[in-house]
Amino acid sequence: MKIKIIDYGLPYDRLPYRAHYNDAGADVYSGMNVNLSPGEVLTLPLGFGLELPDGYACFIFPRSSLSKKGIVCELPPIDSGYTGEIHAIISNVSSEVYKIKDGDRIGQIVILPIIVADFVTDMGETRNTKAFGASGR
């Protein structure tokens, strides 16, 4: 599936990148230097947006190597209707200051199919709990 990237100042060498063709996520990069204190939550602009088809959402997942250090990306969904700049929301749950450098891989973008539910209060006729011939002969 091809997904169009919307440029919000993203250098070409910082496009989302998969190390292997079958990786679930593509690495995304920091565009700045910043110190992330213990307990701090940072909203980090990624320099791009996406044109996602309806029925899909994307998420910025944590990188396992950073999660091991207590640096995690939060997972709010990025909806198909949103075409603004995507941000990674990064939390430091460690007890140490973590230095993010310009160009560091700080998360991985994953695109997933979603079900758009139609929430109702009545589903119509309900089934009973009888089995084995309950619907007739």
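Among contacts in the protein chain between residues at least 6 apart in sequence, what percentage join residues at least 24 apart? The figure is 73%, where contact means heavy atoms within 4.5 Å.

Okay, some ground rules. This is a predicted model, where local features need pLDDT of at least 70, side-chain atom pairs count only at pLDDT 80 or more, and totals for chains, interfaces and linings use all residues. Residues are numbered from 1 along each chain as its sequence is written, and side-chain values use heavy atoms, with hydrogens and water left out.

So, the fold. We've got one helix and eleven strands in the protein chain; those are DSSP runs, H or I of at least four residues for helices and E of at least two for strands, numbered from the N terminus. Reading along the sequence you get β-β-β-β-β-β-α-β-β-β-β-β.

Now the overall dimensions. The radius of gyration of the protein chain is 21 Å, whereas a compact globule of 137 residues would be near 14 Å. That's taken over C-alpha atoms, and the globule rule is 2.2 Å times the number of residues to the power 0.38. The C-alpha trace spans about 70 × 35 × 30 Å along its principal axes.

What about the inside? Buried residues account for 31% of the 137, with buried meaning under 20% relative accessible area, exposed over 50%, and partly exposed in between (1.4 Å probe, protein chains only). The largest nonpolar core has 24 residues, and Ile60, Ile86, Ile90 and Ile109 touch the most other members. A core here is a set of buried Ala, Val, Leu, Ile, Met, Phe, Trp, Tyr and Cys residues joined through side-chain atoms within 4.5 Å. Take Ile90: beyond its neighbours within four places in sequence, its contacts include Leu36, Val41, Ile71, Cys73 and Ile106.

Ile71 and Ile106 come up again with Leu66, which touches both of them plus Tyr98 and Arg105, not counting residues up to four places away in sequence. Leu66 sits in helix 1, residues 64-67, and counts as buried because its relative accessible area is 5%.

Last one: Arg14. Is Arg14 buried or exposed? Arg14 is buried, because its relative accessible area is 18%. You'll find Arg14 in the loop between strand 1 (4-7) and strand 2 (26-29). Setting aside neighbours within four places in sequence, Arg14 is in contact with Tyr29, Ser30, Gly31, Asp102 and Gly103. And if you want a sense of distance, the C-alpha atoms of Arg14 and Ala131 are separated by 58 Å, at 117 residues apart along the chain.
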